[in-house]
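My entries follow in the order I looked things up.

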Amino acid sequence: MMNRRALAMLRAVGAGRAELTCSCEPDLRVDGLPCCDQATAHELARAGLIRPARGAVVAVGQWTRAELTDEGVRALGGTLAAA
């Protein structure tokens, strides 16, 4: 069971409002602002719910658009409504 903050982060990613750093422990920012809970961002990435956008060619440590994985969409109940 995910907490509300994690779900809100997933919704922001699904709405195209988030970016990740390309790294093994990616940082997240939403609407250009650093996320207040980077530990949860790391957990979402490790769980395979979010990732850097496919096709992005970015150097390690650089920012790129974030996207949900299929698992991330399922974690939201299969919908991106209420983003």
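**Cysteines.** I began with a cut-off: a disulfide is a pair of cysteine sulfur atoms within 2.5 Å. I am working on a predicted model, where local features need pLDDT of at least 70, side-chain atom pairs count only at pLDDT 80 or more, and totals for chains, interfaces and linings use all residues. Residues are numbered from 1 along each chain as its sequence is written, and side-chain values use heavy atoms, with hydrogens and water left out.

How many disulfides does the structure hold? I found 0. C22 is in no disulfide, and the nearest cysteine sulfur, that of C24, is 12 Å away.

I then checked burial (buried is under 20% relative accessible area, exposed over 50%, partly exposed in between, with a 1.4 Å probe and protein chains only). C22 counts as buried because its relative accessibility is 15%. C36 has a relative accessible area of 67%, so it is exposed.

**Overall fold.** I counted 3 helices and 5 strands in the chain. These are DSSP runs numbered from the N terminus: H or I of at least four residues for helices, E of at least two for strands. Along the sequence I read α-β-β-β-α-β-β-α. The radius of gyration is 11 Å, close to the 12 Å of the globule rule for 83 residues, so the chain is as compact as a globular protein of that length. That radius is taken over C-alpha atoms, and the rule is 2.2 Å times the number of residues to the power 0.38. The C-alpha trace spans about 35 × 25 × 20 Å along its principal axes. Buried residues are 35% of the 83.

**Core.** Next I looked up the largest nonpolar core, which has 18 residues. Such a core is a set of buried Ala, Val, Leu, Ile, Met, Phe, Trp, Tyr and Cys residues joined through side-chain atoms within 4.5 Å. L10, V13, L28, L44 and I50 have the most contacts inside this core. Which elements supply at least two of its residues each? I noted helix 1 (4-14), strand 1 (18-21), strand 2 (28-30), helix 2 (38-46) and strand 5 (63-68). Helix 1 gives the largest share, 5 residues.

**Helix 2.** I listed T40, A41, H42, L44 and A45 as buried in helix 2. The buried residues of this helix pack against helix 1, strand 2 and strand 4. Setting aside neighbours within four places in sequence, L44 is in contact (heavy atoms within 4.5 Å) with M2, A6, M9, L10, L49 and I50. After helix 2 comes G48, with a positive phi near 80°.

Strands pair if DSSP finds at least two bridges between them. Strand 1 and strand 5 run antiparallel, joined by 3 bridges. T21 has W63 of strand 5 as its bridge partner. Strand 4 (residues 50-52) also runs antiparallel to strand 5, with 3 bridges. There I saw R51 opposite E67.

Last, I checked D31, in the loop between strand 2 and strand 3 (33-34). Most residues other than glycine have a negative phi. D31 has a positive one, near 55°.
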